[in-house]
Amino acid sequence: MIYLDNAATTKMKQCVLDEMMPYFTENFGNASAVYSLANKSKFALDKARDRVAALLNTRAERIFFTSGGSESDNWAIMQSVQMMSSKGRHIITTAIEHPAVVNTCRSLEEAGYEVTYLPVDQKGFVTADQVKQAIREDTVLVSVMFANNEIGTIEPIAAIGEVCQEKGVLFHTDAVQAFGQIPIDLSELKVDLLSASSHKIYGPKGVGILYLGPRASGIRSLIHGGSQERNKRAGTENIPAIVGFGKACEIAKETLSQRMQRERELRDYMKQKVLATIPHTTWHGSDGEDRLPGNLNFGFRFVEAESVLILLDQRGIAASSGSACTAGSIDPSHVLIAIGADEDEGRESIRLTLSDETTKEELDECALQLQEIVSMLRSGSLLYEDFLKQNA
Ligand SMILES: Cc1ncc(COP(=O)(O)O)c(C=O)c1O
(Lines give C-alpha, C1' and ligand atoms only; values in the text may rest on other atoms or scores of the structure.)
Protein backbone atom coordinates (compact mmCIF):
# COMPACT_ATOMS: atom_id res chain seq x y z
CA MET A 1 0.00 0.00 0.00
CA ILE A 2 1.10 3.55 -0.72
CA TYR A 3 0.08 5.63 2.28
CA LEU A 4 -0.36 9.33 1.53
CA ASP A 5 -2.60 10.40 4.40
CA ASN A 6 -0.04 11.30 7.03
CA ALA A 7 -1.89 14.46 8.08
CA ALA A 8 -4.71 12.18 9.25
CA THR A 9 -2.35 9.98 11.21
CA THR A 10 1.11 8.46 10.93
CA LYS A 11 2.45 4.95 11.34
CA MET A 12 4.09 4.66 14.74
CA LYS A 13 7.82 4.02 14.67
CA GLN A 14 9.11 0.69 15.97
CA CYS A 15 11.60 2.43 18.29
CA VAL A 16 8.69 4.40 19.78
CA LEU A 17 6.80 1.17 20.46
CA ASP A 18 9.95 -0.40 21.93
CA GLU A 19 10.24 2.41 24.48
CA MET A 20 6.55 2.12 25.36
CA MET A 21 6.42 -1.64 25.88
CA PRO A 22 7.86 -1.94 29.42
CA TYR A 23 5.30 0.59 30.68
CA PHE A 24 2.42 -1.71 29.72
CA THR A 25 3.81 -4.63 31.67
CA GLU A 26 6.65 -4.50 34.20
CA ASN A 27 6.64 -0.72 34.83
CA PHE A 28 2.88 -0.43 35.17
CA GLY A 29 2.79 1.61 38.38
CA ASN A 30 0.45 4.53 38.92
CA ALA A 31 2.59 7.68 38.85
CA SER A 32 0.67 9.11 41.82
CA ALA A 33 1.64 6.30 44.21
CA VAL A 34 4.55 6.42 46.70
CA TYR A 35 6.39 3.10 46.15
CA SER A 36 9.41 2.67 43.89
CA LEU A 37 7.42 1.04 41.06
CA ALA A 38 5.47 4.29 40.81
CA ASN A 39 8.70 6.25 40.72
CA LYS A 40 9.56 4.58 37.44
CA SER A 41 6.34 5.94 35.96
CA LYS A 42 6.97 9.36 37.50
CA PHE A 43 10.48 9.42 36.08
CA ALA A 44 9.19 8.40 32.63
CA LEU A 45 6.56 11.14 32.79
CA ASP A 46 9.18 13.78 33.60
CA LYS A 47 11.48 12.54 30.85
CA ALA A 48 8.69 12.68 28.26
CA ARG A 49 7.72 16.18 29.38
CA ASP A 50 11.35 17.30 28.96
CA ARG A 51 11.42 15.87 25.44
CA VAL A 52 8.19 17.60 24.39
CA ALA A 53 9.44 20.87 25.90
CA ALA A 54 12.77 20.55 24.08
CA LEU A 55 11.02 20.27 20.70
CA LEU A 56 9.18 23.53 21.47
CA ASN A 57 12.19 25.21 23.15
CA THR A 58 10.25 25.87 26.32
CA ARG A 59 10.23 24.82 29.96
CA ALA A 60 8.88 21.42 30.91
CA GLU A 61 6.60 22.86 33.61
CA ARG A 62 4.58 24.63 30.90
CA ILE A 63 3.61 21.32 29.22
CA PHE A 64 0.44 19.46 30.26
CA PHE A 65 -0.43 16.06 28.83
CA THR A 66 -3.93 15.51 27.45
CA SER A 67 -5.72 12.85 25.39
CA GLY A 68 -4.84 14.59 22.10
CA GLY A 69 -5.28 17.67 19.96
CA SER A 70 -9.07 17.80 20.29
CA GLU A 71 -9.00 17.86 24.07
CA SER A 72 -6.22 20.45 24.07
CA ASP A 73 -8.20 22.73 21.75
CA ASN A 74 -11.38 22.34 23.82
CA TRP A 75 -9.50 22.96 27.06
CA ALA A 76 -7.57 25.96 25.72
CA ILE A 77 -10.65 27.72 24.37
CA MET A 78 -13.28 26.84 26.97
CA GLN A 79 -11.14 27.62 29.98
CA SER A 80 -9.27 30.67 28.76
CA VAL A 81 -12.55 32.42 27.97
CA GLN A 82 -13.80 31.33 31.39
CA MET A 83 -10.71 32.82 33.04
CA MET A 84 -11.22 36.12 31.20
CA SER A 85 -15.00 36.25 31.62
CA SER A 86 -14.97 39.52 33.57
CA LYS A 87 -13.39 41.26 30.56
CA GLY A 88 -15.90 40.20 27.92
CA ARG A 89 -17.31 37.44 25.74
CA HIS A 90 -15.81 38.02 22.29
CA ILE A 91 -13.53 35.47 20.56
CA ILE A 92 -11.63 35.82 17.29
CA THR A 93 -10.73 32.82 15.15
CA THR A 94 -10.50 32.04 11.42
CA ALA A 95 -12.79 30.50 8.83
CA ILE A 96 -10.39 27.58 8.23
CA GLU A 97 -9.91 26.07 11.68
CA HIS A 98 -10.15 22.36 12.43
CA PRO A 99 -13.55 21.17 13.78
CA ALA A 100 -11.95 20.84 17.23
CA VAL A 101 -11.72 24.63 17.28
CA VAL A 102 -14.75 25.51 15.11
CA ASN A 103 -17.18 23.36 17.07
CA THR A 104 -15.83 24.52 20.41
CA CYS A 105 -16.43 28.10 19.28
CA ARG A 106 -19.91 27.15 18.07
CA SER A 107 -20.76 25.68 21.45
CA LEU A 108 -19.61 28.91 23.09
CA GLU A 109 -21.81 30.88 20.69
CA GLU A 110 -24.74 28.84 21.96
CA ALA A 111 -23.71 29.84 25.48
CA GLY A 112 -23.85 33.53 24.58
CA TYR A 113 -20.33 34.27 23.35
CA GLU A 114 -19.75 36.21 20.15
CA VAL A 115 -17.26 34.74 17.68
CA THR A 116 -15.62 36.54 14.74
CA TYR A 117 -14.50 34.10 12.03
CA LEU A 118 -11.84 35.99 10.09
CA PRO A 119 -11.83 35.38 6.35
CA VAL A 120 -8.61 34.20 4.67
CA ASP A 121 -7.13 35.05 1.28
CA GLN A 122 -7.00 32.72 -1.72
CA LYS A 123 -3.99 30.88 -0.34
CA GLY A 124 -5.48 30.53 3.13
CA PHE A 125 -3.61 33.32 4.92
CA VAL A 126 -5.00 35.54 7.63
CA THR A 127 -2.95 38.61 8.56
CA ALA A 128 -1.91 40.12 11.87
CA ASP A 129 -3.54 43.33 10.71
CA GLN A 130 -6.91 41.57 10.29
CA VAL A 131 -6.58 40.31 13.85
CA LYS A 132 -5.67 43.80 15.07
CA GLN A 133 -8.70 45.33 13.36
CA ALA A 134 -11.02 42.69 14.81
CA ILE A 135 -9.87 43.04 18.43
CA ARG A 136 -12.41 44.90 20.59
CA GLU A 137 -12.61 46.02 24.21
CA ASP A 138 -14.44 42.81 25.08
CA THR A 139 -12.18 40.40 23.10
CA VAL A 140 -10.81 37.72 25.40
CA LEU A 141 -9.19 35.21 23.07
CA VAL A 142 -7.68 34.89 19.60
CA SER A 143 -7.32 31.34 18.25
CA VAL A 144 -5.49 30.92 14.92
CA MET A 145 -4.11 27.60 13.73
CA PHE A 146 -0.36 27.33 13.14
CA ALA A 147 -0.81 25.45 9.88
CA ASN A 148 -3.92 24.30 8.08
CA ASN A 149 -4.67 20.57 7.95
CA GLU A 150 -6.17 20.60 4.43
CA ILE A 151 -4.05 23.00 2.40
CA GLY A 152 -0.92 23.24 4.57
CA THR A 153 -0.84 27.06 4.75
CA ILE A 154 1.40 28.26 7.59
CA GLU A 155 -0.10 31.29 9.31
CA PRO A 156 1.91 34.35 10.51
CA ILE A 157 1.88 33.22 14.13
CA ALA A 158 4.79 35.44 15.26
CA ALA A 159 3.10 38.61 13.99
CA ILE A 160 -0.32 37.64 15.37
CA GLY A 161 1.28 36.91 18.76
CA GLU A 162 2.79 40.41 18.82
CA VAL A 163 -0.60 42.00 18.15
CA CYS A 164 -2.34 39.93 20.83
CA GLN A 165 0.27 40.74 23.43
CA GLU A 166 0.18 44.43 22.59
CA LYS A 167 -3.61 44.41 22.95
CA GLY A 168 -3.62 42.27 26.08
CA VAL A 169 -5.62 39.41 24.53
CA LEU A 170 -4.80 35.74 25.08
CA PHE A 171 -3.51 33.91 21.98
CA HIS A 172 -4.09 30.20 21.35
CA THR A 173 -2.74 28.31 18.38
CA ASP A 174 -3.77 24.85 17.24
CA ALA A 175 -0.35 23.55 16.20
CA VAL A 176 -1.42 19.94 15.66
CA GLN A 177 -0.30 19.93 12.02
CA ALA A 178 2.80 22.10 12.46
CA PHE A 179 4.25 20.48 15.59
CA GLY A 180 7.32 18.41 14.71
CA GLN A 181 6.97 19.28 11.01
CA ILE A 182 8.37 22.83 11.08
CA PRO A 183 10.39 24.64 13.75
CA ILE A 184 8.32 26.10 16.61
CA ASP A 185 10.33 28.13 19.12
CA LEU A 186 8.13 29.16 22.02
CA SER A 187 10.93 31.25 23.52
CA GLU A 188 10.48 33.60 20.57
CA LEU A 189 6.75 33.41 19.84
CA LYS A 190 4.20 35.34 21.89
CA VAL A 191 1.86 32.39 22.11
CA ASP A 192 -0.08 31.83 25.35
CA LEU A 193 -1.62 28.43 24.61
CA LEU A 194 -0.57 25.80 22.07
CA SER A 195 -2.17 22.45 21.24
CA ALA A 196 -0.24 19.52 19.77
CA SER A 197 -0.83 15.82 19.20
CA SER A 198 1.38 12.73 19.20
CA HIS A 199 -0.11 10.62 16.41
CA LYS A 200 0.79 13.12 13.69
CA ILE A 201 4.51 12.70 14.42
CA TYR A 202 4.91 8.88 14.44
CA GLY A 203 3.83 8.59 18.08
CA PRO A 204 0.85 6.76 19.61
CA LYS A 205 -2.74 7.93 19.30
CA GLY A 206 -4.74 9.33 22.23
CA VAL A 207 -2.09 11.61 23.69
CA GLY A 208 -1.28 15.26 23.17
CA ILE A 209 -0.30 18.37 25.06
CA LEU A 210 -1.47 21.83 25.89
CA TYR A 211 1.29 24.39 26.44
CA LEU A 212 0.37 27.11 28.91
CA GLY A 213 2.54 30.22 28.85
CA PRO A 214 2.81 32.58 31.85
CA ARG A 215 -0.28 34.62 30.92
CA ALA A 216 -2.40 31.46 30.58
CA SER A 217 -1.01 29.53 33.53
CA GLY A 218 -4.06 30.41 35.62
CA ILE A 219 -6.61 28.61 33.46
CA ARG A 220 -8.58 25.94 35.21
CA SER A 221 -8.77 22.28 34.27
CA LEU A 222 -11.33 21.00 31.79
CA ILE A 223 -11.39 17.48 33.25
CA HIS A 224 -12.13 17.53 36.97
CA GLY A 225 -10.96 14.82 39.34
CA GLY A 226 -7.60 13.97 40.90
CA SER A 227 -4.56 16.20 41.17
CA GLN A 228 -2.61 14.82 38.21
CA GLU A 229 -0.75 17.25 35.93
CA ARG A 230 -0.37 19.71 38.80
CA ASN A 231 -4.13 19.94 39.29
CA LYS A 232 -4.70 20.94 35.68
CA ARG A 233 -5.78 17.67 34.06
CA ALA A 234 -7.32 14.92 36.13
CA GLY A 235 -7.08 11.21 35.32
CA THR A 236 -4.40 8.56 35.74
CA GLU A 237 -1.66 9.39 33.28
CA ASN A 238 -1.41 7.17 30.19
CA ILE A 239 2.27 6.50 30.82
CA PRO A 240 2.98 4.17 27.84
CA ALA A 241 1.46 6.68 25.40
CA ILE A 242 3.21 9.62 27.06
CA VAL A 243 6.53 7.76 26.89
CA GLY A 244 5.96 7.05 23.19
CA PHE A 245 5.04 10.68 22.56
CA GLY A 246 8.25 11.80 24.26
CA LYS A 247 10.33 9.45 22.12
CA ALA A 248 8.55 10.66 18.96
CA CYS A 249 9.40 14.26 19.95
CA GLU A 250 13.05 13.36 20.46
CA ILE A 251 13.21 11.82 16.98
CA ALA A 252 11.28 14.73 15.45
CA LYS A 253 13.77 17.23 16.90
CA GLU A 254 16.82 15.28 15.69
CA THR A 255 15.49 14.79 12.16
CA LEU A 256 13.53 18.01 11.61
CA SER A 257 15.71 19.88 9.12
CA GLN A 258 16.51 16.90 6.90
CA ARG A 259 12.88 15.75 6.89
CA MET A 260 11.68 19.21 5.97
CA GLN A 261 14.09 19.52 3.09
CA ARG A 262 13.34 16.04 1.75
CA GLU A 263 9.55 16.42 1.99
CA ARG A 264 9.61 19.86 0.40
CA GLU A 265 11.54 18.48 -2.56
CA LEU A 266 9.13 15.58 -2.96
CA ARG A 267 6.12 17.87 -2.56
CA ASP A 268 7.33 20.28 -5.24
CA TYR A 269 8.25 17.40 -7.55
CA MET A 270 4.79 15.88 -7.20
CA LYS A 271 3.08 19.23 -7.65
CA GLN A 272 4.86 19.86 -10.95
CA LYS A 273 4.22 16.33 -12.14
CA VAL A 274 0.48 16.35 -11.46
CA LEU A 275 -0.06 19.85 -12.85
CA ALA A 276 1.90 18.93 -15.99
CA THR A 277 0.10 15.66 -16.64
CA ILE A 278 -3.52 16.28 -15.61
CA PRO A 279 -5.25 19.20 -17.37
CA HIS A 280 -7.63 21.56 -15.55
CA THR A 281 -6.10 20.91 -12.17
CA THR A 282 -6.07 23.55 -9.45
CA TRP A 283 -3.33 23.83 -6.84
CA HIS A 284 -4.86 24.82 -3.52
CA GLY A 285 -2.90 26.79 -0.92
CA SER A 286 0.50 28.40 -0.72
CA ASP A 287 4.00 27.33 -1.74
CA GLY A 288 7.59 27.20 -0.57
CA GLU A 289 8.30 27.85 3.08
CA ASP A 290 4.76 29.09 3.73
CA ARG A 291 3.35 25.61 3.23
CA LEU A 292 3.80 22.47 5.32
CA PRO A 293 6.63 20.46 3.73
CA GLY A 294 4.57 17.30 3.25
CA ASN A 295 1.21 18.73 2.13
CA LEU A 296 -0.25 18.70 -1.39
CA ASN A 297 -3.80 19.64 -2.33
CA PHE A 298 -5.21 19.42 -5.84
CA GLY A 299 -8.61 20.08 -7.32
CA PHE A 300 -9.48 18.08 -10.44
CA ARG A 301 -12.26 19.98 -12.17
CA PHE A 302 -15.48 18.00 -12.77
CA VAL A 303 -14.30 15.03 -10.72
CA GLU A 304 -15.67 14.40 -7.24
CA ALA A 305 -12.96 13.66 -4.70
CA GLU A 306 -14.94 10.77 -3.26
CA SER A 307 -14.82 8.80 -6.52
CA VAL A 308 -11.09 9.45 -6.94
CA LEU A 309 -10.39 8.27 -3.40
CA ILE A 310 -12.34 5.03 -3.85
CA LEU A 311 -10.54 4.24 -7.10
CA LEU A 312 -7.16 5.14 -5.59
CA ASP A 313 -7.92 2.81 -2.70
CA GLN A 314 -8.76 -0.01 -5.13
CA ARG A 315 -5.31 0.55 -6.61
CA GLY A 316 -3.60 0.42 -3.22
CA ILE A 317 -3.22 4.14 -2.55
CA ALA A 318 -4.57 5.81 0.62
CA ALA A 319 -5.28 9.53 0.29
CA SER A 320 -7.98 11.85 1.55
CA SER A 321 -10.13 14.80 0.62
CA GLY A 322 -10.86 17.98 2.44
CA SER A 323 -14.55 17.14 2.55
CA ALA A 324 -16.30 15.62 5.50
CA CYS A 325 -18.61 12.79 4.51
CA THR A 326 -22.01 12.84 6.08
CA ALA A 327 -24.65 10.14 5.54
CA GLY A 328 -25.56 10.18 1.87
CA SER A 329 -24.17 13.62 1.05
CA ILE A 330 -20.72 15.11 0.82
CA ASP A 331 -20.30 18.55 2.30
CA PRO A 332 -17.87 20.77 0.45
CA SER A 333 -14.75 21.56 2.45
CA HIS A 334 -15.19 24.71 4.57
CA VAL A 335 -11.51 25.45 4.00
CA LEU A 336 -11.85 25.34 0.21
CA ILE A 337 -14.96 27.52 0.38
CA ALA A 338 -13.04 29.99 2.57
CA ILE A 339 -10.26 30.32 -0.02
CA GLY A 340 -12.81 31.16 -2.70
CA ALA A 341 -13.72 27.79 -4.22
CA ASP A 342 -17.32 27.22 -5.29
CA GLU A 343 -19.37 24.31 -3.89
CA ASP A 344 -18.33 21.96 -6.71
CA GLU A 345 -14.66 22.79 -6.30
CA GLY A 346 -15.12 22.28 -2.58
CA ARG A 347 -16.00 18.63 -3.34
CA GLU A 348 -13.15 18.09 -5.79
CA SER A 349 -10.11 18.48 -3.58
CA ILE A 350 -7.66 15.66 -2.97
CA ARG A 351 -5.09 15.93 -0.20
CA LEU A 352 -1.85 13.97 -0.32
CA THR A 353 0.33 14.15 2.77
CA LEU A 354 3.82 12.67 2.89
CA SER A 355 5.80 10.92 5.61
CA ASP A 356 9.54 10.58 6.17
CA GLU A 357 9.29 7.21 4.39
CA THR A 358 7.44 8.39 1.26
CA THR A 359 9.52 7.76 -1.86
CA LYS A 360 9.69 9.38 -5.30
CA GLU A 361 8.67 6.04 -6.82
CA GLU A 362 5.51 5.98 -4.73
CA LEU A 363 4.65 9.48 -5.86
CA ASP A 364 5.32 8.56 -9.50
CA GLU A 365 2.93 5.64 -9.13
CA CYS A 366 0.31 7.85 -7.49
CA ALA A 367 0.62 10.48 -10.22
CA LEU A 368 0.15 7.81 -12.88
CA GLN A 369 -2.92 6.38 -11.17
CA LEU A 370 -4.39 9.85 -10.71
CA GLN A 371 -3.90 10.58 -14.38
CA GLU A 372 -5.80 7.41 -15.36
CA ILE A 373 -8.54 7.83 -12.78
CA VAL A 374 -9.24 11.49 -13.50
CA SER A 375 -9.30 10.89 -17.25
CA MET A 376 -11.62 7.88 -16.81
CA LEU A 377 -14.06 9.78 -14.57
CA ARG A 378 -14.06 12.80 -16.86
CA SER A 379 -14.73 10.71 -19.93
CA GLY A 380 -18.25 10.07 -18.70
CA SER A 381 -18.97 13.65 -17.70
CA LEU A 382 -21.29 15.78 -19.84
CA LEU A 383 -20.34 18.80 -17.77
CA TYR A 384 -16.69 18.29 -18.65
CA GLU A 385 -17.54 17.88 -22.36
CA ASP A 386 -19.49 21.16 -22.28
CA PHE A 387 -16.61 22.84 -20.48
CA LEU A 388 -14.14 21.63 -23.14
CA LYS A 389 -16.42 22.86 -25.95
CA GLN A 390 -16.77 26.28 -24.31
CA ASN A 391 -13.03 26.54 -23.84
CA ALA A 392 -12.07 25.18 -27.28
C1 LIG B 1 -5.39 21.02 12.93
C2 LIG B 1 -5.88 19.90 13.79
N3 LIG B 1 -6.35 20.18 15.02
C4 LIG B 1 -6.79 19.22 15.85
C5 LIG B 1 -6.78 17.90 15.46
C6 LIG B 1 -7.29 16.86 16.41
O7 LIG B 1 -6.21 16.15 16.98
P8 LIG B 1 -6.45 14.72 17.66
O9 LIG B 1 -6.71 13.75 16.56
O10 LIG B 1 -5.17 14.44 18.39
O11 LIG B 1 -7.60 14.87 18.60
C12 LIG B 1 -6.33 17.56 14.18
C13 LIG B 1 -6.38 16.16 13.71
O14 LIG B 1 -6.56 15.88 12.56
C15 LIG B 1 -5.85 18.60 13.33
O16 LIG B 1 -5.40 18.34 12.10
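Ser 41, Ala 44, Leu 45, Ala 48, Arg 51, Val 52, Ala 54 and Leu 55 of helix α2 touch helix α8. Their partners in α8 are Ile 239, Ile 242, Val 243, Phe 245, Gly 246, Lys 247, Cys 249, Glu 250, Ala 252 and Lys 253. Contact means heavy atoms within 4.5 Å. This is a predicted model: local features need pLDDT of at least 70, and side-chain atom pairs count only at pLDDT 80 or more, while totals for chains, interfaces and linings use all residues. Residues are numbered from 1 along each chain as its sequence is written, and side-chain values use heavy atoms, leaving out hydrogens and water.

**Overall layout**

- The protein chain holds twelve helices and 15 strands. Both are DSSP runs numbered from the N terminus: helices are H or I with at least four residues, strands are E with at least two.
- Along the principal axes, the C-alpha atoms of the protein chain fill a box of roughly 75 × 55 × 40 Å.

**Helix α2 with helix α8**

- The axes of α2 and α8 cross at roughly 35° and come within 8 Å. Axes are lines fitted to C-alpha atoms (for helices, over the stretch in contact), and angles run from 0 to 180 degrees between N-to-C directions.
- Twelve nonpolar, two polar and four charged residues make up the contact of α2 with α8. Ala, Val, Leu, Ile, Met, Phe, Trp, Tyr, Cys and Pro count as nonpolar, Asp, Glu, Lys and Arg as charged, and the others, Gly among them, as polar.

**Helix α8 with helix α11**

- α8 spans residues 239-277, and α11 spans residues 360-379. They pack at an angle of about 20°. Their axes lie 10 Å apart.
- From α8, the contact uses Leu 266, Tyr 269, Met 270, Lys 273, Val 274 and Thr 277. From α11, it uses Lys 360, Leu 363, Asp 364, Cys 366, Ala 367, Leu 370 and Gln 371.
- The contact of α8 with α11 has eight nonpolar, two polar and three charged residues.

**Helix α3 with helix α4**

- α3 packs against α4 (residues 99-110) at an angle of about 35°. The axes of α3 and α4 are 9 Å apart.
- α3 brings Ser 70, Asp 73, Asn 74, Ile 77, Met 78 and Val 81 to the contact. α4 brings Ala 100, Val 101, Thr 104, Ser 107 and Leu 108.
- Six nonpolar, four polar and one charged residue form the contact of α3 with α4.

**The seven-stranded sheet**

- Seven strands form an open sheet in the order β2-β8-β7-β6-β5-β3-β4. The pairing is mixed. Two strands pair if DSSP finds at least two bridges between them.
- β2 (63-66) and β4 (114-118) are the edge strands, and each pairs on one side only.
- From one strand to the next, the twist averages 20°.
- β6 (residues 170-174) and β7 (residues 193-197) run parallel, joined by three bridges. Thr 173 stands opposite Leu 194 in β7.
- Helix α2 (residues 36-56) packs on this sheet. It touches β2, β7 and β8 (208-212), and its direction makes about 115° with that of β2.
- Helix α3 (residues 69-83) lies across β2, β3 (90-94), β5 (139-143), β6, β7 and β8. α3 runs at about 165° to β7.

**The four-stranded sheet**

- Four strands form an open sheet in the order β9-β10-β15-β12, with antiparallel pairing.
- β9 (281-283) and β12 (320-321) stand at the edges. Each has a single partner strand, so one side of each is left without a neighbour in the sheet.
- β10 (residues 295-300) pairs with β15 (residues 349-353) over five bridges, in the antiparallel sense. Leu 296 has Leu 352 in β15 as its bridge partner.
- α8 packs on this sheet, touching β9, β10 and β15. The direction of α8 makes about 10° with that of β10.
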